[in-house]
Amino acid sequence: MNKKLRLPTNLAIAAGLVSLLSLTACGESSQPPEAQKPVETTAAEKAQAPLTEVTVAFANRRDTTDLQGKVDQVSKILSKEVGIPVKGIIADETASVEALRANRANVAFVSGRAALKAEQLAGAKMYLAEVRDDYSGGKTYNSIFVVPKDSPLQALSDATKTLEQLRGKRMAFTSRSSGSGFIFPVSELVGLKFVDGPDRLDQFFGKVTYGDGYSSALQAVLRDQADVAVVSEYALLPPWITTEESVKLRVLHSVPNVPAHGISIDDSVPAELREKLINAFLKLNEPENQQLFRSLYNSTQLVKVDHEQHLATMRTAIERAGLKP
């Protein structure tokens, strides 16, 4: 009987404890849950936050010596014009795009393909493109199929007849990431119905190899390890190969309108600062800076470009070739 009387009492005590704990918890959470969360800066707020330093990722090219020293000099010019410190770092294109995506860089000097990737991942756009003497189109250049000078392969009346001669031949591509050394030539081959896509190349060629740059692709032809290579038109000049090696090669076929490399700026950079950066880069065209700028990438000048228009041929080539940016 006593046990029966104590049971409700125990339950009442337990209920009271639960109630007390609940009230205590409510007292500690007097603010709504969302007010207790750490305050996070939205993407829009980040975009509006003033930048106190600009980081520019400069492309690492094999035809440039003492690149860091030259980048430091260019950064000083940019800092003076922009009014805030500009830091130059050196990175390959993959690292440059990732730096833009992760907000570790605000600006990058990249190729057309990397610029499209930067647009996709970071919202960056290309505002300036380089012009070079060895670009046949000024701010565009050719992708070229190169063969030995004494090769029986000949440039015929049209592209279809010319490239048909490559059936069963040994092909050396620059690399699978190269615009002129892979994307544009594969796009040409797909467009002319020789191959179905980038993974079906062995159905047309007898052997397919990939180099680690222009030099290795051209050396494959010079050493009779390949019948044809695809590279940028300027790769037939030093420092990619020697003058003596260059005379042993000739161009079989050209694919035009590869967009020049250029300056991409992240969309988080405020419009006013973006304009200052563009104008600062254009200062490199002036006589007192031109020698330094040319020594950087062999560019003669930078010109303003429309992102969509300049990269339209690259976008088309990527899509036709069945690739991704």
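A contact here means heavy atoms within 4.5 Å. Keep in mind that this is a predicted model, where local features need pLDDT of at least 70, side-chain atom pairs count only at pLDDT 80 or more, and totals for chains, interfaces and linings use all residues. Residues are numbered from 1 along each chain as its sequence is written, and side-chain values use heavy atoms, with hydrogens and water left out.

First, the overall picture. The protein has 13 helices and 11 strands, taken as DSSP runs (H or I of at least four residues for helices, E of at least two for strands) and numbered from the N terminus. Of its 325 residues, 45% are buried, meaning under 20% relative accessible area with a 1.4 Å probe and protein chains only. Among contacts with a separation of 6 or more, 75% join residues 24 or more positions apart.

Now pick out helix α13, residues 307-321. Its 15 residues reach 21 Å from first C-alpha to last, close to the 21 Å expected at 1.5 Å a residue (that is, 1.5 Å times one less than the number of residues). Even so, α13 has a kink of about 40° centred on T313, the bend being the angle between axes fitted to the seven residues ending there and the seven starting there. H307, H310, L311, M314, A317, I318 and A321 are its buried residues. An α-helix has 3.6 residues a turn, so residues three or four places apart point the same way. The cover over the buried residues of α13 includes α6, β4 (125-131), α8 and β9 (249-259).

Where is the open space? The largest pocket holds about 950 Å³. On a 1 Å grid over the protein atoms alone, a pocket is an open set of points with protein on both sides within 12 Å along at least five of seven lines, whereas a cavity is a set where a 1.4 Å probe fits but cannot get out; lining residues have an atom within 4 Å of a point. Of the pocket's 34 lining residues, E93, S111, S177, S178 and H261 are the closest to its centre. Helices α5 (93-101), α6 (112-122) and α8 (179-191) are the elements that each give two or more residues to that lining.

Helix α12 (residues 287-297) gives the most to its lining, with 3 residues. Other parts of the chain join in too, the lining including F58, V74, F109 and I263.

Methods. Points joined across faces, edges and corners; volume = space filled by probe spheres on them. Buried < 20%, exposed > 50% of the residue type's maximum accessible area, 1.4 Å probe, protein only.
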